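Dear colleague,

Please find the structure below, together with its sequence.

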Amino acid sequence: MHMLRVITTDTDVREIKLIDVSNLYSERPLPINEETFELALAIRQNKHLIDALPPITVVQKLTGMFQIKDGRHRFLAFRLNGIKKIKARVSKERAYISNSS
């Protein structure tokens, strides 16, 4: 019997891309807490922070959407400021067919 398996490997993390924030999602809750609010305020006061912040880490799913693995506060701070793109270190989800016994 053949089985479709979907995997993500960290070794696929090779490139940094600018990702549209509308293509991002998180499986974890995205509460706007004090840390997020302070970061959003700092970005609003100093736009140079946008380039200074490290990229978030995402997985590009087979659907083409990007799941946030690290950087939820940065993502929310960008979204609160109406910033449309964010730097992301991207790994890709892979699908393969395996033999199952």
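Glycine 82 comes after helix H3 and has a positive phi, near 75°. Helices (H or I, at least four residues) and strands (E, at least two) are DSSP runs, numbered from the N terminus.

This is a predicted model, in which local features need pLDDT of at least 70 and side-chain atom pairs count only at pLDDT 80 or more, while totals for chains, interfaces and linings use all residues. Residues are numbered from 1 along each chain as its sequence is written, and side-chain values use heavy atoms, with hydrogens and water left out.

Helix H3 itself covers residues 72–80, and its buried residues include Arg72, Arg74 and Phe75. Here buried means under 20% relative accessible area, exposed over 50%, and partly exposed in between (1.4 Å probe, protein chains only).

In the chain as a whole there are three helices and six strands, arranged along the sequence as β-β-β-α-α-β-β-α-β. Of its 101 residues, 34% count as buried. Among contacts (heavy atoms within 4.5 Å) between residues at least 6 apart in sequence, 82% join residues at least 24 apart.

Leucine 24 lies in strand S3, residues 24–25. Leucine 24 counts as buried because its relative accessibility is 8%. Beyond its neighbours within four places in sequence, leucine 24 is in contact with Ile19, Ile56, Val58, Met65, Phe66, Ile68, Phe75 and Ile86. Phe75, one of these partners, is among the buried residues of H3.

Yours sincerely
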